[in-house]
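Hi,

Here is the structure I promised to pass on. Have a look at it first, and my notes on what turned up follow below.

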Amino acid sequence: MTTLASMAPAPDDTGRMQGGGQTAARSDAEHRLTVLLESSIAGDRQAYCRFLGELAKHLRVRLRKHLWRQDADLEDLVQEVLIAVHKGLDTFRPDVPLTAWISAITRYKLADHFRASARHGELFQPLDDDVDAPGASPIDSFEARRDLTRLLAALPSRQREPIEHMKLYGRSVAETAAKTGLTESAVKVGVHRGLKALTAKIRGKTHEN
Amino acid sequence: MRTEELIVILAAGPRAPSRSAVAGRLGWGVAFSVVAAVLTLAFVVPGGIPVHALSARLGTTVFWIKVALPLSITITALCVACRLSQPGVRVGLAWQALLAPFVVVWIVALTVLLAAPADSRGALIFGHTWRACTLNIALLSIPALFALMRAMRRLAPTRPALAGAATGLLAGAIGALTYCLRCPEMEAPFWATWYLLGMTAPTLAGALLGRRILEW
């Protein structure tokens, strides 16, 4: 718990963590998560489920310290990191401590997140914009706004399926084409149009609020 | 979507985790790059590969010393790129290893220049083909840059610009290695200048591209 919760991002801590993790005894949480991840990589889906669940808890504790607009962004970012962990699963090396691996991914996603908010000017909004209308919890309005499942469900299947296969499961174009029975160019077009449509939908809903 | 739902979807989703992913993807990228660079040199670059001149050069020691420069950069840059493609892996000593060929070639080049009479120093640096050299190396590294960036995209670099630069340098080193088949210059000051300049172009391109396309 202590190791994972206290991995505050410092610019050069990848090396330190790797060295530290190898010499010092690993914390219980790290050890448990590493075991879970090992069995996940060996193909145990239940272990993987538990691994992601526990990881999400640790991430919430850690990321809360770094965020401005706490509730809405927090879950968003936790999910981003989980997806990144999922996508990068085959870059995990047993000789690198789990903390160092997760930490590097989290730092990367956090930097990404700050860049994106800076681009959209959110960092410089006056503070009172953060206070939501009374009665609506921020997490509810956030979920209503960005409920990915519902947004995806509104897309035609030619766009939805390629997006699910490629962006969520990390399959290649060829694999997606084989799974969906579409041609490769139809898959690419589907992803492109689908993402465009999703962006438009999210934007539209944000403006309504 | 709730995080719990996402977790269920991710855990149920298919994936093919394999520990050899990094070595495999970059390895194939390098193999493809070398083949593509040789084919480009043989069929695209005017003049192609001079077979007779090359077979005469193969017997000389200095040819192999020249080959050692881009070859050592290829190996060390591959090592750095490989480490940058995995979250939480320290590059560490690989940086020094990557720097070593540059330092060595510069020391040798300066020694040669200082030992040579002043009026022949220009010829040692410029040789006969300095105009073509840098350009050809950059050209030969283009297919490699695409292949290796593609491989890198499917890995997990958490420092995209740096990973892109390392990938670009690897592509440039492969380009330079291939160009050795063609290059008639046998002086260290020439390599230290134009070979390294030729590798700089793909390195910069890689850093710029990395920032944009190595997102995951």
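A word on terms first: helices (H or I, at least four residues) and strands (E, at least two) are DSSP runs, numbered from the N terminus. On that basis chain A has 11 helices and zero strands. This is a predicted model, so local features need pLDDT of at least 70 and side-chain atom pairs count only at pLDDT 80 or more, while totals for chains, interfaces and linings use all residues. Residues are numbered from 1 along each chain as its sequence is written, and chains are lettered from A and ligands numbered from 1 in the order in which they are written.

Chain A has 209 residues, and 32% of them count as buried. Buried here means 20 or more other C-beta atoms within 10 Å of the residue's own, exposed means 12 or fewer, and partly exposed is in between, with C-beta atoms placed from the backbone. Two residues are in contact if those C-beta atoms lie within 7 Å. Among contacts in chain A with a separation of 6 or more, 63% join residues 24 or more positions apart.

Now the cores. A nonpolar core is a set of buried Ala, Val, Leu, Ile, Met, Phe, Trp, Tyr and Cys residues joined through C-beta atoms within 7 Å. The largest one has 91 residues, and A:L82, B:A77 and B:L170 are among those with the most contacts inside it. Helix 7 of chain B (residues 130–153) gives the largest share of this core, 12 residues. There is also a second, separate core of five residues, including A:I163 and A:M166.

Where the chains meet, 37 residues of chain A and 28 of chain B take part in the contact. Helix 1 of chain B supplies the largest share of chain B's side, eight residues.

Best wishes
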